[in-house]
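Colleague: I would like to learn how to read a few features of a model. Could we take them one at a time?

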Amino acid sequence: MSVASFIISLFGFTILAPLAGGLLAGIDRKVTARLQSRVGPPLLQPFYDVAKLWHKERWTVNNYQGFYVLMSLVFAIIAGVIFFAGGNFLLVVFILTLSTLLFVLAAYSTRSPFAEMGAEREIVQVMSYEPMVIIMSVTYYLAVGSFNTNAVLTLGRPIITYLPLVFIGLLFILTIKFRKSPFDLSYSHHAHQELVKGISTEMSGRTLALVEVTHWYENILFLGWVGIFFVWGSWLAVLLTVVALVVVYFLEIFIDNNFARVKWSAMLKWAWLVTIVCAVVNMASLNWSWLG
């Protein structure tokens with residue numbers, strides 16, 4: 001990761017990611033509405049919502065809550081900058097996990113029983129997807145020979161040809177990462193899910209606006225994880241990556257609108273099962289090929 005690529009990624013991701021993330025949220029709402037035979041809100045509604053929250057009166061349970069949410073946003077940005085600058089994939093995973101844990105601390109700091117329940121659900125979600133994410137970064141190293149995300153540009157073919165089962169596992173846990181049904185246990189963007197807003201129950205105003213913006217940053221980063229499976233040293237990679245990102249995101253919206261929320265135990269069991277079957281088998285096959 002060069003200094004120039006880091007600076008470009010710093011300004012590019014920090015400025016463009018929330019714009020793209022907000023547009024994706026607007027597209028999500030429009031597509032969801034169409035699937036439910038509704039017109040839906042304007043495409044720019046997510047930006048209007050955040051702007052409205054930002055101008056509301058500041059009201060927090062304590063000073064720690066806002067600090068934890070702000071630091072969660074900062075670490076999410078750092079993770080995205082390192083990833084798109086071609087930095088260490090494993091480091092990105094750890095920094096993003098730290099961002100999530102700070103969000104959990106923000107909920108715990110309120111001492112609200114509803115927020116604490118949401119925080120506990122969030123921890124269960126982390127326990128569900130983290131093994132898959134860690135193994136994905138390890139198998140990436142085995143396939144590419146480096147943890148650096150820009151190493152795929154030197155390959156003669158996309159790494160999905162090496163890691164097809166890992167990619168399937170990533171698609172499964174992305175439903176958790178995108179906070180989509182059936183795995184949106186701790187924090188849902190849909191009003192019909194529950195009366196109390198899970199982990200963000202005690203968050204409002206600018207604090208809640210920062211939570212939404214953080215989610216936008218994370219979504220762009222997660223799509224970057226998908227895209228890295230289709231990037232290699234060819235101009236065709238751009239077209240293939242764009243098609244893959246569109247298909248994957250619309251698949252997530254389709255799943256979100258066709259599956260009801262499951263219990264935490266089912267999410268944990270299925271996520272670990274997919275991790276064992278897909279990620280571990282693919283990693284074992286890579287090791288055998290290296291030994292051969």
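Colleague: Which side chain meets that of Arg111 in a salt bridge?

Modeller: Side chains of opposite charge can pair when their charged atoms come close. This is a predicted model, and in it Arg111 pairs with Glu116, with 3.2 Å from N to O. Arg111 is exposed, at a relative accessible area of 61%. Glu116 counts as buried, because its relative accessibility is 18% and the cut-off for buried is under 20%.

Colleague: How many salt bridges are there by this rule?

Modeller: The count is 5. Among them is Arg29 with Asp49, whose closest N and O atoms are 2.8 Å apart. Arg29 belongs to helix 1 and Asp49 to helix 2, so the pair ties together parts 20 residues apart in sequence. Another is Asp184 with Arg261, at 3.7 Å between the closest N and O atoms. That pair links distant parts of the chain, 77 residues apart: Asp184 is in the loop between helix 6 and helix 7, Arg261 in the loop between helix 8 and helix 9. Asp184 counts as buried at 1% relative accessibility, while Arg261 is partly exposed at 26%.

Colleague: Is helix 6 largely enclosed or open?

Modeller: Of its 14 residues, 10 are buried, so helix 6 is largely enclosed by the rest of the structure. The buried ones include Phe167, Leu170 and Ile173.

Colleague: Where is confidence lowest in the chain?

Modeller: Where pLDDT is low, the predicted coordinates should not be read in detail. Here the lowest confidence is in helix 9, at a mean of 82, and the chain averages 88.

How values were computed
Residues numbered from 1 in each chain as written. Predicted model: local features only at pLDDT ≥ 70, side-chain atom pairs only at ≥ 80, totals over all residues. Heavy atoms only, no water. Buried < 20%, exposed > 50% of the residue type's maximum accessible area, 1.4 Å probe, protein only. Helix = DSSP H or I, 4+ residues; strand = E, 2+ residues; numbered from the N terminus. pLDDT = per-residue confidence, 0-100. Salt bridge = Lys/Arg side-chain N within 4 Å of Asp/Glu carboxyl O.
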